[in-house]
There are 4 protein chains.
Amino acid sequence: MSSFGSLFRVSTYGESHCASVGAIVDGVPPGLALTAEDIQAQLNRRRPGQSNLTTPRNEADAVQLQSGIEHGITLGTPIGLLVRNLDQRPHDYSETDLYPRPSHADYTYLEKYGVKASSGGGRSSARETIGRVAAGAIAEKYLKVAHGVEIVAFVSSVGKIAIPETKGEEDPESDEAADPVSPEFLKLIQTVTREQVDSHITRCPHPETAEKMVERILRAKERLDSIGGTVTCVIRNLPPGLGEPCFDKFEAKLAHAMLSIPATKAFEVGSGFRGCTVPGSKHNDPFIALPNGRLGTKSNWSGGIQGGITNGQDVYFRIGFKSPATISQAQQTAMYDGKMGELAARGRHDPCVVPRAIPIVEAMAAIVCVDMLMQQNARATATARLPAVTTLPPTMVLPPKPAN
Amino acid sequence: MSSFGSLFRVSTYGESHCASVGAIVDGVPPGLALTAEDIQAQLNRRRPGQSNLTTPRNEADAVQLQSGIEHGITLGTPIGLLVRNLDQRPHDYSETDLYPRPSHADYTYLEKYGVKASSGGGRSSARETIGRVAAGAIAEKYLKVAHGVEIVAFVSSVGKIAIPETKGEEDPESDEAADPVSPEFLKLIQTVTREQVDSHITRCPHPETAEKMVERILRAKERLDSIGGTVTCVIRNLPPGLGEPCFDKFEAKLAHAMLSIPATKAFEVGSGFRGCTVPGSKHNDPFIALPNGRLGTKSNWSGGIQGGITNGQDVYFRIGFKSPATISQAQQTAMYDGKMGELAARGRHDPCVVPRAIPIVEAMAAIVCVDMLMQQNARATATARLPAVTTLPPTMVLPPKPAN
Amino acid sequence: MSSFGSLFRVSTYGESHCASVGAIVDGVPPGLALTAEDIQAQLNRRRPGQSNLTTPRNEADAVQLQSGIEHGITLGTPIGLLVRNLDQRPHDYSETDLYPRPSHADYTYLEKYGVKASSGGGRSSARETIGRVAAGAIAEKYLKVAHGVEIVAFVSSVGKIAIPETKGEEDPESDEAADPVSPEFLKLIQTVTREQVDSHITRCPHPETAEKMVERILRAKERLDSIGGTVTCVIRNLPPGLGEPCFDKFEAKLAHAMLSIPATKAFEVGSGFRGCTVPGSKHNDPFIALPNGRLGTKSNWSGGIQGGITNGQDVYFRIGFKSPATISQAQQTAMYDGKMGELAARGRHDPCVVPRAIPIVEAMAAIVCVDMLMQQNARATATARLPAVTTLPPTMVLPPKPAN
Amino acid sequence: MSSFGSLFRVSTYGESHCASVGAIVDGVPPGLALTAEDIQAQLNRRRPGQSNLTTPRNEADAVQLQSGIEHGITLGTPIGLLVRNLDQRPHDYSETDLYPRPSHADYTYLEKYGVKASSGGGRSSARETIGRVAAGAIAEKYLKVAHGVEIVAFVSSVGKIAIPETKGEEDPESDEAADPVSPEFLKLIQTVTREQVDSHITRCPHPETAEKMVERILRAKERLDSIGGTVTCVIRNLPPGLGEPCFDKFEAKLAHAMLSIPATKAFEVGSGFRGCTVPGSKHNDPFIALPNGRLGTKSNWSGGIQGGITNGQDVYFRIGFKSPATISQAQQTAMYDGKMGELAARGRHDPCVVPRAIPIVEAMAAIVCVDMLMQQNARATATARLPAVTTLPPTMVLPPKPAN
């Protein structure tokens, strides 16, 4: 369905060639200072036509707020918002009358719904993500103001071009696996800013790698081809205690959110797949006392989540985006009627989606965080009304701790 | 929360040291032949003590059905079921009074709830998964009888020991990436049976690799250490049209389900992370006419899902499980009060969870499939009551096709 | 929250003085012929300014469809829609700066959200119902085309002026209670059409009563006062089997839907409160064989629902609407600061809401019906894929029956 | 479906003749002192065989707690619980092989599910409510300890025998309607205790009326007939701000909860249906300053809810229960095969359900209250983290107020 979230809930509508795309954002905490500019900033990072690396479709994507805000303050009621579709050229897609585009959604939408939009894949259009980005900007504003949370996503690879991230040499015969993530990459995760990310059109904050990525994307473009990549995202300053086991663990909700973004194929949190090769004795994150009197961890292979619940360390994760399915290169493929033919898409499309995916990843991360935060608020506040537990063994009760 | 699914919904309860663990399975289609044996078979594959590779905790895990079935036929009402906890030894866990176990859930449960179970991590116990496996067995029985669906999961790697799965030599400088998955591995995915999987205690159906995995696990055990691994799962014969964009895409629900399993860190579908390095021209799955008059795809890098909707091809995916956090080796780590100390867990634990994770992965896959199937049933049946659409251009309407 | 429904789900936004009010209608069956006119017809019945019985606020309430429909056919994707707020006069509400209006939502909104809209009660504005009516018109169109369902609501009372509905003389000392509803009123329920309802400005299809209602409403208006009333609604031709026990019984969802409409205080289905005085022997609806070979009931005190599930008979129910809280008459009441004062509201408001409530009641009824229908579709279609049950005693299985 | 609630969620299973009935209660605030006795107390008030007014079926209904509690303190994890079905006599129901019992659920369950339980109506059995009562007892314990909330339900009428509740003489021609509820009845609502309710087997706290009710119920029993009644319930000390407009208004959730109880036909809150005849000038509840510096209301026709949100006054409502459908008196009705016959049920059944319905009504009320409270907690705590709003006109922001 087209709703996501339980207490902070976004519902979206709109496809490529309709009047507008939009969203209703329900459950926004009241009393938050919020303007259209807060939202527009992230929409601008998502919109097409930002550089020669992206689709030439030209959309200003100016958000129009409809409700839920007065005098720049949220009322707690649903925020309706929309963005007009302006630069529509439906005739660009005429081939899709005959062909289901390989690895696109044309075929499956038709199988599922029995009818399909003239543009082919209906809601699989990248324009569907506008509502997500807008809702995420609201969530992010709250997280920043209320908890100082920072969410920063960046492009970590394009094709085979990746920010160097593994520990150098490793003996493949040895059980003593290398660290799943290099200290340098961990440092990047801990410190990277949105300004650094935006300082390059690829949104890769590692300058040498970024240059190679440009070459790689332009090479794909020249070949009328496309290329995939990965996005890494970090959430800093997130309070501990978020995530709702056993089914709505924090990483499970994150994975759900990320794999709902178009073109995603993979998700890993913390040490991820590579961590699965590292023995427990090395992979475990020992606890240490922090200067503020609370417990932290020495390493953070867990990616800030243990038992499905945040532990106060940085949450970081990586998402794989496939190469865009729509390419201008000719493809041998069957028509709807089964006859083989040659399809060369003439539409406008991105040779690589990851630079524009950055605000979408951040948005979905922010939505998960606020939703999980509000769920934990509900519980913690309920418990705070109860008399202190005195009948449990002291080891079963939260010890007194310094204020957050 | 402890419920999963919308129309087919499992709710679970129970932790390591309480009276029983159990589940309520709601929304089961009525009229399905179902016995306790159908469920017990998968519980037996999950239960501890199956071999020297797993925890010595000894639990028969005999399921007791409570409701929703008469004369071996489901009534459509909720099925209550439970498994008694028999072999409890809470004193095994006495260290957890002082220490939060590194990378375990003790610390985060205490942060979240303010109190913790005497066993430490509460619902993060592996026994929580019993309810999932039981519910999954019901889902699987339906899928098999009604649609001939086959779900088979297997261990694809332990530590660095993996079933060979990539195409041989590859020039790292070339854009011409190798296939993301080797033909041999794809063949395995297409044909592997549950019998083949169970023919080896590791549940790896590649005999040479399986032997190496045993060595690797026993080596971890000897070292009082642990090791992670990956599980690959395939779903065959799934009807096209399943998945609910834009937020409940089939892969998004799968990812949610899989990352809710304890100890999981990563998920990828189809070509996964490796596919992100392959150009679109090579990664796209061209359509071909099938002998039955329907469309199939020549390759299947999409993993049977396009635009978030199944396309009728095999759905396959991989999940990464970290090395178990509980190890008997001494660890330098802080106590709850912040003082550093040395923790050596004395409880019973698995040195590697992937062999026992197989039925859990299959269960969660089955639950997602039935839930998505019933959601699509709801829509497709609603549309079937409408008069045929005659006002749309023919290219926008599903062409007549042979019966499924 | 501002979403309703599970498979057919409406989400709404907007309050009295924002840019627009609108809705996203998700889960609409694809392939349905649908135009703006289908929706506008019900919006016109709801809009203010229809007669001298309603508020003078003048809004054309022209719906603007945004997505989910092409060439007049639904695509199965969310339908975004909105209605501009044109005739805003926020200064009309200046008293609300000082006073919480008695029995209005000003006070509780402020308590709940900590901030309030300049118009006072935020989402408690009658304009919130526009999204419901639009969504309901879509639901109703589907029900009509696919199942021939008819939904007709009408005004059954205004103040003490009611359509005669009880059986004449009754001995209050006798256990032998009169019929809970008179044969004449039952006949009206069975046959009333929307045209009959709209033939009078009160939307009461009983002409003599309607005239008295006009007098009563105008009397309230003259006195700068307001008056309440009741609405009766019937749903005809609804398939049997709808409703999801044990918590989502058909009447429970109906009650939820109806009590979510502003100003409602009461709900009863079938014989309702009066039926509670009638002995079971008289209140039970005996089964009879219908000419088509199916079973029907001789009487219908159940209101078409038994055990929370529709039985194929007419579903009928009644909703009580209180007298509007906003009146121009002076009221002695406390200001926000606790000082007593005299409040005389100067805004535009209805002296009686029931005539305009008719399309809102119909809309919520239609939404419940489609949602429950799709949930039952999901189950019934799942069961239809199973082999026939042969191991149950024949008395436990649905006997063969004629086609619907 | 068989789950209710969003943050505090009960899921139930079980029918009349299966092994047990039970529930999973998820979202219970951790740190609450809770024992089996807390739950058993309400189960005892619900169980059959309490007096000669109820069914002779004899069930101890002893609750067995399975999980979620240690040392008498809730852990925040799901509480599994069950009650064995002991006194089963399935042969009592043999007539139901041939006949769908009039106004019972046999027919609709068979239509809905295609199969039916041997006992007939499956989940429509009164034993289904055990899980509700147990969950409600947990909710109620929390509400009492954390907020001093009192929930008291009582029998307000049986057949035509009702606690006198309307203002004496009234001129039916006059617009000047009497008070919807008499001062005496309001006083009863404000002060009634559970002890007073339980002091009579009818659970009617008005002694003279209670005696007449006994006669009425025994008369029904002698006649092999049944009789309905109404239950009134009050919730005192509930915090203001609860309820989630626009669809999950407090009264909408209450109505949903109450109409999901077997045999219910009607719901009204505050002044209810009768209030719809009272002009706004009389029906409005003027605000007054309370001694504690907060605002209260002079009258309370609103029933403690305005705009779908609690205002801090007593919430009171009334539910209508129909006469039980199962009677031993012979009924002329059709068999499943359409042939007419004479059915005389031989099972054990209550001639009147309202005395045993009391704890069920209280339970569902408590569940709604906790769920709504936790939802408001989530929002209010989120807002409390934000800086004070200084840019809104002062009249739009919550003024400072004394501590709760």
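Helices here are DSSP runs of H or I with at least four residues, strands are E runs of at least two, and both are numbered from the N terminus.

Quick housekeeping. This is a predicted model, where local features need pLDDT of at least 70, side-chain atom pairs count only at pLDDT 80 or more, and totals for chains, interfaces and linings use all residues. Residues count from 1 along each chain as its sequence is written, while chains are lettered from A and ligands numbered from 1 in the order in which they are written.

Back to chain C. α1(C) covers residues 36-46 and α3(C) residues 129-147, and they pack at an angle of about 135° with their axes 8 Å apart. (Axes are lines fitted to C-alpha atoms, for helices over the stretch in contact, and angles run from 0 to 180 degrees between N-to-C directions.) Residues making this contact include Ile39(C), Leu43(C) and Arg46(C) from α1(C), and Ile130(C), Val133(C) and Lys141(C) from α3(C). Contact means C-beta atoms, placed from the backbone, within 7 Å.

Now hop to chain B, where helix α7 (residues 250-259) packs on helix α10 (residues 354-384) at about 145°, axes 9 Å apart. That crossing is right-handed. Among the residues that meet there are Phe250(B), Leu254(B) and Met258(B) in α7(B), with Val361(B), Met364(B) and Met372(B) in α10(B).

Chain B also has an open sheet of five strands, in the order β1-β2-β3-β7-β4, with antiparallel pairing. Which strands of chain B stand at the edges? They're β1 (3-4) and β4 (64-65), each with a single partner strand, so one side of each is left without a neighbour in the sheet. Pairing takes at least two DSSP bridges between two strands. β2(B), residues 9-13, runs antiparallel to β3(B), residues 20-26, and five bridges join them. If you want to find that spot on screen, Ser11(B) stands opposite Ile24(B). Helix α3(B), residues 129-147, lies across β2, β3 and β7 of chain B, at about 35° to β3(B).

Next, chain D, and strand β3(D), residues 20-26. Buried or exposed? Seven of its seven residues are buried, so the strand is largely enclosed by the rest of the structure. (Buried needs 20 or more other C-beta atoms within 10 Å of a residue's own, exposed is 12 or fewer, and partly exposed is in between.) Ser20(D), Gly22(D), Ile24(D) and Asp26(D) point one way, while Val21(D), Ala23(D) and Val25(D) point the other.

β3(D) has neighbours to look at too. β2(D), residues 9-13, runs antiparallel to β3(D) with five bridges, and Val10(D) has Val25(D) as its bridge partner. Their hairpin has six residues between the strands, including Gly14(D) with a positive phi near 110°. β7(D), residues 79-84, pairs antiparallel with β3(D) over six bridges, with Ser20(D) opposite Arg84(D).

Last stop: chains C and D together. Their contact takes 106 residues from chain D and 106 from chain C. On the chain D side, helix α2(D), residues 106-113, gives the most, with six residues. Strand β11(C) and strand β11(D), each residues 264-269, pair antiparallel across three bridges, where Phe267(C) is partnered by Phe267(D).

How values were computed
Contact = placed C-beta atoms within 7 Å. Left-handed = near helix turned anticlockwise from the far one by under 90°.
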